[in-house]
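Hi everyone, thanks for having me. Please have a look at the picture first.

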Amino acid sequence: MERHGWLTGPGWERIRDLLPPRSGRGGRWSDHRTVIDAVVWKYRTGAPWRDLPDAFGPWQTVYNRFRRWTRDGTWHTIWKALQARADAAGEIDWMVSVDSTTVRAHQHAAGARTRQAVTDEPGDHALGRSRGGLTTKVHLVADGRCRPLAVLLSAGQRNDALFFEAVMARVRVPRTGPGRPRTRPDQVSADRAYSSRAIRTHLRARGIRALIPEPSDQVANRKRRGRAGGRPPAFDSEDYKIRNTVERCIARLKQWRGIAMRTDKLAVHYEAALTVAAIAIWATT
């Protein structure tokens with residue numbers, strides 16, 4: 001079975017020392033590299049777990065390892081470790097952008113049990129019903145090099161602005177040495193959907209420059225109120241061009257068919273798939 005490119009070169013070398021020890025209770029684990037190859041293959045192609053090629057070994061082994069690393073936080077730990085190394089080397093562009101994308105949910109994603117003994121699993125499983133059917137919304141923060149810094153899931157019909165502070169709170173890049181994680185970017189760019197007084201006040205209180213255009217209705221309302229409407233927020237249309245970084249990041253993630261269409265019943269598993277794709281991006285750029 002041919003390996004994926006990001007595992008054969010420097011990408012694999014960057015994550016190999018971040019993986020858990022292979023020895024453990026109950027016997028010797030299957031090779032980590034083979035299991036990760038299988039997880040990447042599954043989400044790159046969008047195939048069901050049961051359709052994994054025989055070269056990867058039993059599909060149950062791969063699924064159980066994926067589920068275990070999801071629940072104990074291994075995938076997230078690897079992702080944050082890669083971010084920490086990049087930040088220590090000065091390779092993170094802290095002119096970040098925020099946006100969201102709606103993902104269609106396959107019929108296999110529905111039907112999860114209402115009560116789940118899974119930590120952090122939302123009650124609605126991040127599934128919403130709209131005119132197009134079942135959907136999930138992925139809220140994303142990307143750095144200036146089109147790499148995901150944080151992701152958050154919600155039901156597909158929810159408003160983007162409601163989750164701005166929550167997804168920004170997930171931006172936590174650890175230090176390789178002493179010191180608190182970095183949580184504050186230099187600038188945040190977002191589209192008109194995020195233009196609200198609450199969001200601008202939140203960013204101003206944290207000392208972060210906001211680069212968000214006003215929608216036409218807000219401009220008209222401010223002008224109608226005259227002096228009481230206040231001055232227009234600062235906005236530089238030339239600097240705003242960098243907002244395409246988050247859109248390019250979304251496009252890179254959606255190259256994985258298992259991410260472009262959700263088939264996972266549990267939101268935590270779908271978010272883990274996004275994390276695996278993010279690890280691939282950080283390990284190769």
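At what angle do the axes of H3 and helix H4 cross? They cross at roughly 90° and come within 10 Å; axes here are lines fitted to C-alpha atoms, for helices over the stretch in contact, with angles running from 0 to 180 degrees between N-to-C directions. H3 and H4 are therefore roughly perpendicular to each other, a label for angles of 65 to 115 degrees.

Before going on, a word on the source: this is a predicted model, where local features need pLDDT of at least 70, side-chain atom pairs count only at pLDDT 80 or more, and totals for chains, interfaces and linings use all residues. Residues are numbered from 1 along each chain as its sequence is written, and side-chain values use heavy atoms, with hydrogens and water left out.

Let's take H3 by itself. Helices are DSSP runs (H or I, at least four residues), numbered from the N terminus. H3 covers residues 32-45, 14 residues in total, and reaches 20 Å from its first C-alpha to its last. That is close to the 20 Å expected at 1.5 Å a residue, where the expected span is 1.5 Å times one less than the number of residues.

What lies at its two ends? At the start of H3, a side-chain oxygen of Asp31 reaches to within 3.2 Å of the backbone nitrogen of Arg33. After H3 comes Gly46, with a positive phi near 80°.

Is H3 mostly covered or mostly open? Mostly covered: 11 of its 14 residues are buried, meaning under 20% relative accessible area with a 1.4 Å probe, protein chains only. Among them are Asp37, Trp41 and Lys42. His32 is buried too, with a relative accessible area of 4%.

Now, who touches whom? His32, Val35, Ile36, Ala38, Val39 and Tyr43 in H3 meet Val62, Arg65, Phe66 and Trp69 in H4; contact means heavy atoms within 4.5 Å. By class, this contact has eight nonpolar, one polar and one charged residues. Ala, Val, Leu, Ile, Met, Phe, Trp, Tyr, Cys and Pro count as nonpolar, Asp, Glu, Lys and Arg as charged, and the others, Gly among them, as polar.

H4 has another partner to show you. The axes of H4 and helix H11 (residues 267-284) come within 10 Å and cross at roughly 90°. That makes H4 roughly perpendicular to H11. Residues in this contact include Tyr63 and Phe66 from H4, and Val268 and His269 from H11.

Notes. Helix = DSSP H or I, 4+ residues; strand = E, 2+ residues; numbered from the N terminus. Buried < 20%, exposed > 50% of the residue type's maximum accessible area, 1.4 Å probe, protein only. Polar contact = N/O pair within 3.5 Å; in protein donor to acceptor, adjacent residues only side chain to side chain. Parallel < 35°, antiparallel > 145°, perpendicular 65-115°, else oblique.
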